[in-house]
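Okay, thanks for coming, everyone. Let me put the structure up, and then I'll walk you through it.

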Amino acid sequence: MRKTWLVWSLGWVLIVGSIPGVSAQETEPVIPRVEPRAADTLVMLPDGSTVHVELAKTEAEREYGLMGRTNLPQGRGMLFIHDHPGEYGYWMYHCKIGLDIVWMDANRRIVELSPDTPPCKGKASTCRSYGGHATSLYVLELPVGSIKAHGLQTGQTVNFNLS
């Protein structure tokens with residue numbers, strides 16, 4: 001999920017926290033469930049292996065991401081497509097599994113990696129943000145261990161067709 005959601009959520013917690021009788025600790029963001037798209041987009045990693053991904057194109061799809069999933073098989077993932085290049089931090093609120101996260105620029109060149117990103121098991125306010133230090137347009141979430149298994153490194157190019 002995008003960092004902007006976290007900022008908005010924390011702002012909401014601050015607003016709610018100022019209402020008499022309601023404490024900020026009682027409030028957690030409610031993120032509506034979004035049905036996943038079919039994993040019918042194929043991504044080719046630099047080592048030539050392929051991954052079937054679900055696409056997260058809308059704001060709602062990007063916010064919900066892989067929340068609630070109890071597993072993500074090898075060879076599967078989710079590709080987040082942002083509306084414009086930016087610095088997108090991701091957090092693991094309501095994620096039940098760890099992930100490897102790969103940020104790519106508009107040319108699909110890897111600009112940042114977060115291997116073995118742990119799920120956040122606490123409240124939203126305890127979930128840290130990962131990445132978002134380089135300008136990206138695409139973010140790929142893969143099963144833990146994928147970055148190492150496929151030798152992914154910054155500067156490499158990932159191939160996919162979004163038509």
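Let's start with the cysteines. The count of disulfides here comes to 1, where a disulfide is a pair of cysteine sulfur atoms within 2.5 Å. It joins C120 to C127, with 2.1 Å from S to S. The link of C120 and C127 is left-handed, with -85° about the S-S bond.

Before I go on, a word on what we're looking at. This is a predicted model, so to speak of local features we need pLDDT of at least 70, and side-chain atom pairs count only at pLDDT 80 or more, while totals for chains, interfaces and linings use all residues. Residues are numbered from 1 along each chain as its sequence is written, and side-chain values use heavy atoms, with hydrogens and water left out.

How confident is the predictor? pLDDT is its confidence in each residue, from 0 to 100. The protein chain has a mean pLDDT of 85, and 84% of its residues reach 70 or more. Over residues 1–24, though, the pLDDT is below 50, and that stretch has 37 contacts in the model beyond near neighbours in sequence; contact means heavy atoms within 4.5 Å.

Now the sheet. Strands here are DSSP runs of E, at least two residues, and helices are runs of H or I, at least four, numbered from the N terminus. Two strands pair if DSSP finds at least two bridges between them. We get an open sheet of 7 strands with mixed pairing, in the order β6-β5-β8-β3-β2-β1-β9. β6 (110–117) and β9 (159–160) are at the edges with a single partner strand each, so one side of each has no neighbour in the sheet.

Look at β3, residues 76–86. It runs parallel to β2, joined by 5 bridges, and V53 stands opposite G77 there. β3 is also joined to β8, residues 136–143, by 5 bridges, but antiparallel. On that side L79 has L140 as its bridge partner, and I81 stands opposite Y138.

A cavity is a set of points on a 1 Å grid over the protein atoms alone where a 1.4 Å probe fits but cannot get out, and lining residues have an atom within 4 Å of a point. There are 2 cavities of 30 Å³ or more.

Notes
On a 1 Å grid over the protein atoms alone, a cavity is a set of points where a 1.4 Å probe fits but cannot get out, and a pocket is an open set with protein on both sides within 12 Å along at least five of seven lines; lining residues have an atom within 4 Å of a point. Grid points are joined across faces, edges and corners, and a volume is the space filled by probe spheres set on the points. pLDDT is the predictor's confidence in each residue, from 0 to 100.
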